[in-house]
Number of protein chains: 2
Amino acid sequence: MDKDLTAQANAFDPVLSPPGVPDAVVVDADGIPRIRLRADHAASVSLIIERKTYECRQENSVWTAPLPACHGFTYVQVLIDGDEVLSPYLPIAFGCSRPYNYIALPEEDGDFYRLKDVPHGSVRREYFHSSVTGDWASCLVYVPAEYEAHPERRYPVLYLQHGHGENETGWVYSGKANLILDNLIAEGKAVPFLVVMNAGMVQTRTASGQRAVDHLLLPRMIVEDVIPFIDGKYRTLTDREHRAMAGLSMGSMQTSITGFTHPELFSYLGLFSGFLRDFIAGNPAMDPIDRAPSDNAHLKALDDPAAFAEHYKVFFRGIGEDDHLIAAFLEDDDILKTAGVACIRKMYQGGHDWNVWRRCLRDFAPLIFC
Amino acid sequence: MDKDLTAQANAFDPVLSPPGVPDAVVVDADGIPRIRLRADHAASVSLIIERKTYECRQENSVWTAPLPACHGFTYVQVLIDGDEVLSPYLPIAFGCSRPYNYIALPEEDGDFYRLKDVPHGSVRREYFHSSVTGDWASCLVYVPAEYEAHPERRYPVLYLQHGHGENETGWVYSGKANLILDNLIAEGKAVPFLVVMNAGMVQTRTASGQRAVDHLLLPRMIVEDVIPFIDGKYRTLTDREHRAMAGLSMGSMQTSITGFTHPELFSYLGLFSGFLRDFIAGNPAMDPIDRAPSDNAHLKALDDPAAFAEHYKVFFRGIGEDDHLIAAFLEDDDILKTAGVACIRKMYQGGHDWNVWRRCLRDFAPLIFC
């Protein structure tokens, strides 16, 4: 384990990870990794990691807490004198509808998302006008390394969505999707394809005038705005056989909605921490303020399992064993069994987190477009 | 002035600006913009803006301070009980070698960097291996909107550098370089060209083993690694007539070093808050810890003013009237006068900040490649 853990883990997320500040995650002589933060005037510094609170011990303005048995990408909340703040000494991702500190510890099997000495694709920020929102929007596009070298070739496209409270940057900054694809393509495990990542928290106004995420708007934006924009700007293969969609958590619901209602557009679907149903609809306790309900009308695609199997060459579902939403996933198992619809189903060690979602992408990508 | 100031100013910097959190910059009924931050347990909250400290007043866990007469992009330091933190309620840029809160207030003449209803280019993150550092590096590339629509065309390139403590994202996130170029190109004021932005804090090890920025390494990386990579991957015009370099502050020194020593590569140079000399060299008081000195050997390019005028079709220098480093700029005036070297020289209202640098780019871009 290297001393420069934070710097290493966040190479090339330089907005979010400060090179040149003291390393906040260090491994001591006893082999235990600790977070160390400086605060000269605080009476207390505490950390919240995976819903548990850890009080830091102070020595000469440096506050230290040993890390629990976490690994990979783990969110950390920092509290100074009881008030939550962002630390400039830990890297920052965008989650829970705000910038969020995290730590990135090495994983034994983490080689698949590391920046390695292989050809690297680019990640492009594109701007397009959305007819659905009536405003400009922006998305990220992963373009495989070989794209410019083969101006005669056209490529398949995966539309890949983040979860609730995240945005279009999540799959690159937190998920390392571009590095996962670079590595899979270099090893010949996946064919080269584009990945298009959009901000999925598309909002409407409720009757009372509040802004609310409407899960039906992103599917419309993908179909009416994004696909025409991408197919117009990039050398894509535009038939349904060369278009896939996947998403995590909220993005998996949006994938179900988009994919099930548009068999003419998609041949491959991936649900990561993944749900058939917009199961939040009708359950205001789960998300009382910022959701407009969807009606789950897309589930009628399950009524004809033969047509479903014909439409979707790969229907992938994955989840972490400790995901707090696993009950909904298991209910989906029953729904699919009753309907007679088959899927590729994967269980992972871990919870509702990026460590699982990275592995979902690693396992889904080799199955599509081949 | 709109209530959603922060959200507006940071549209499409979504990692850095939280949609969905309460607006931290609001305009009250009295017309005065104020910063409002929540802290439930703090005994004091204060802000540092342009080197002055403002104590916030508390009311029901909300801490408020009226904004001083600042405008545009302004860094803000937040202190809770005397300890500096990042607020998740203000947008975040990368400056001073760390993530940094800022506010973005409207400017009367700020239309030139706003996202408007014009064709938009893309911003691409590229990865390349550097022979200078022996490691992988990453840069951002602005590609004008028309690039994909004209596969037969080749384009000029501007190499554009940030300042000390910043990184390759600065010109996009803080500088709005892509939007400035989109607008200039749409108005026919600039020809379409690529902009390549690299991380300029390229480091070496000093004799004592410390890491130190060496201003001579970025120039080598540009010449030996970046230009071949960009000319290999993009449809560029590769002669000296179609290559420019510009930079701000430290990046202006690096532009002088790179440009003056490579007249065979560059025809246009821009120094923003801009310096001929690595004037920090030999002055350890200015930057005692993280600089390896350069030798200013590049200044011999000034010995032959006729050759200089022949080589550099545009030699642009700009600075803010209140820049704390203006003495060095005025000394450079004398050096150029003595040498008999002409330049385009612009003075702006403002200091050593992004508001001036955005205007430098706005004024420099129309002068090159035409």
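How many residues of chain A are in contact with chain B? In this predicted model, where local features need pLDDT of at least 70, side-chain atom pairs count only at pLDDT 80 or more, and totals for chains, interfaces and linings use all residues, side-chain values use heavy atoms, with hydrogens and water left out. Residues are numbered from 1 along each chain as its sequence is written, and chains are lettered from A in the order in which they are written.

Contact (heavy atoms within 4.5 Å) links 48 residues of chain A with 48 residues of chain B. The area buried between the two chains, that is, the accessible area (1.4 Å probe) lost on putting them together, summed over both, is about 4,400 Å², and carbon and sulfur atoms give 61% of this area.

Two salt bridges (a side-chain nitrogen of Lys or Arg within 4 Å of a carboxyl oxygen of Asp or Glu) are counted between chain A and chain B. Glu148(B) pairs with Lys233(A) in a salt bridge whose closest N and O atoms are 3.9 Å apart.

Strand 11 of chain A gives the largest share, six residues. By class, this side of chain A comprises 24 nonpolar (Ala, Val, Leu, Ile, Met, Phe, Trp, Tyr, Cys and Pro), 12 charged (Asp, Glu, Lys and Arg) and 12 polar residues (the others, Gly among them).

Terms used: Helices (H or I, at least four residues) and strands (E, at least two) are DSSP runs, numbered from the N terminus.
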